[in-house]
Every structure is written in C-alpha cells, then in structure tokens.
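Biologist: Let us go through the labels on this model. I will ask what lies behind each one.

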Amino acid sequence: MDLFPLFNSLRIAFLSSFFVFFTGIFAAYYAAKLPRLLKGILDVILTLPLVLPPTVVGYFLLLLLGTKRPFGAWMMEQFQIRIVMSWYAAVFASYAVAFPLMYRTARGAFESFDITLADAGRTLGLSNTYIFWRIRMPACRQGILAGTVLAFARALGEYGATSMVCGYTPKRTATISTTVYQLWRTDNDALAFRWVFINLIISAFVLLTVNMLEKKQRRK
C-alpha cells in the first residue's frame, strides 16, 4: 500500500494550517475591533469560501495561479516555478477553504475576551505586544486551538478545490481524498475503503480533540 497520499495530505494540511493560524488570528484580532458595518462587510469577504462550492474556490484559484494569470505568470517569470498541478498548489487550495474556520473561531474568542484585563495591563505600562501574546492569547487559547484543529481537519479532507488546482498524479500530487476518488473510478473498492477508514480515524481524533477543548472552555 503506497502511503504517499497520507504523507502528502499531512504535509499539505500542516503547511496550510501554519499559515491559516497566523493570518486567521491577525484578521480576527483587527476585525473584532472594527465598527459593526465594516466588520459585517469584512466577514462576508473572508468567510465566502466557507459557503462557496469548493470547485468554485478552485476555479478562482486557477484564475490567480494559472501560468497565464497574474501571480502564476510572475512566479514563472521570476522563479521558473509552475504552481498549478503541483503538490504545493494544494496548499493554496487548503488554505483558502480552511481560513474561514480559523477566522470565525478566533474572532469569537477575541470578542468574548474581557477587555478590562488588557486595560489593566496598559495601566501597568505593558506594551500592546506583551498584552496580546501573554494576556489575550492565553485567555483565548481554547477557542484558538479549536479553530486551528478545525482548520487542519478541513485542509486534510479538502477535495474539490485541490482537484481543480493540482489534479491527481501518483507520488506527486495525490492526497487521501483524490486517491479515494481515483480508486473508486477504477473499481478498486477494497483499497478505497482502506483510505476511507484511515480518514475516518483521523477525523474522529480531530472531533474528539475539539470536544475536549470545548469542555475545558465551558468549565472555565
């Protein structure tokens, strides 16, 4: 049994989750401080991939990353790197569909933060950076961790946008999701079920982790 799809899926999920973690927290922190109207507009823009069909998200990514499109053409010209139909194209796809989960969860955590704790820190002469990392983030860590876990799970199971931008090439771009589809197309149900079972185990572990984090949050 070739384990490359598992390795590739984990690689893509970890990389996209890493970028989602920092950009999601940054967007959520500043969005939570905006007036209601601006916050509503920003919410629509940033969470749109959550409600769009994944293939539509993939289509928009092709418009951006294609070799004849702005960013894709620039990467080819400057670095001779073709993004589409490569495994790292799936990182862009997974990032796009996982970002809204991290953003919405982190924003909810920041909005529930007791702002008087930050005000008290400022009266003691603490910097905003110190307050953010040593006071705000620890107080919101359960929500942040839950968002990170959900984003990782979404990235790990992504299929629609991934298949649009990187397709399926064994030992190059194959992921668990695309492998299951290809095995089903070729009537290899036994091997397809193995990958489905692996995905079920990973998904169950993720859900258990999220439930544990939510229980800790409710106790606090």
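Biologist: Why is phenylalanine 7 called partly exposed?

Modeller: Its relative accessibility is 47%. Buried means under 20% relative accessible area, exposed over 50%, and partly exposed lies in between (1.4 Å probe, protein chains only). So phenylalanine 7 counts as partly exposed. Phenylalanine 4 has 15%, so that residue is buried. A caution: this is a predicted model, where local features need pLDDT of at least 70 and side-chain atom pairs pLDDT 80 or more, while totals for chains, interfaces and linings use all residues. Residues are numbered from 1 along each chain as its sequence is written, and side-chain values use heavy atoms, without hydrogens and water.

Biologist: Where do phenylalanine 4 and phenylalanine 7 lie?

Modeller: Both are in helix 1 (residues 4–31), three residues apart, about one turn of the helix. Helices here are DSSP runs of H or I with at least four residues, numbered from the N terminus.

Biologist: What makes the pair of tyrosine 95 and phenylalanine 99 tilted?

Modeller: The ring centres are 5.8 Å apart and the planes stand at 35°. Rings of Phe, Tyr and Trp (its six-membered ring) pair if their centres lie within 6.5 Å; planes under 30 degrees apart are stacked, over 60 edge-to-face, the rest tilted. So tyrosine 95 and phenylalanine 99 form a tilted pair. They sit four residues apart in helix 5 (residues 89–111), about one helical turn. Tyrosine 95 is partly exposed at 26%; phenylalanine 99 is buried at 9%.

Biologist: How many aromatic pairs does the structure hold?

Modeller: There are 19. The rings of phenylalanine 4 and phenylalanine 7 give another tilted case, because their centres are 6.1 Å apart and their planes at 55°. Phe26, Tyr29, Tyr30, Phe110, Phe132 and Trp133 form one aromatic cluster.

Biologist: How do you know that arginine 11 lies over the face of tryptophan 87?

Modeller: The distance to the ring centre is 3.8 Å. The rule asks for NZ of Lys or CZ of Arg within 6 Å of the ring centre and within 35 degrees of the ring normal. Arginine 11 is listed as lying over that face.

Biologist: Why is threonine 175 called buried?

Modeller: Its relative accessibility is 5%, so threonine 175 counts as buried. This residue is in the loop between helix 9 (160–166) and helix 10 (176–185). Threonine 175 touches Pro5, Asn8, Ser9, Ile12 and Thr162, not counting residues up to four places away in sequence. Contact means heavy atoms within 4.5 Å.

Key. Helices (H or I, at least four residues) and strands (E, at least two) are DSSP runs, numbered from the N terminus.
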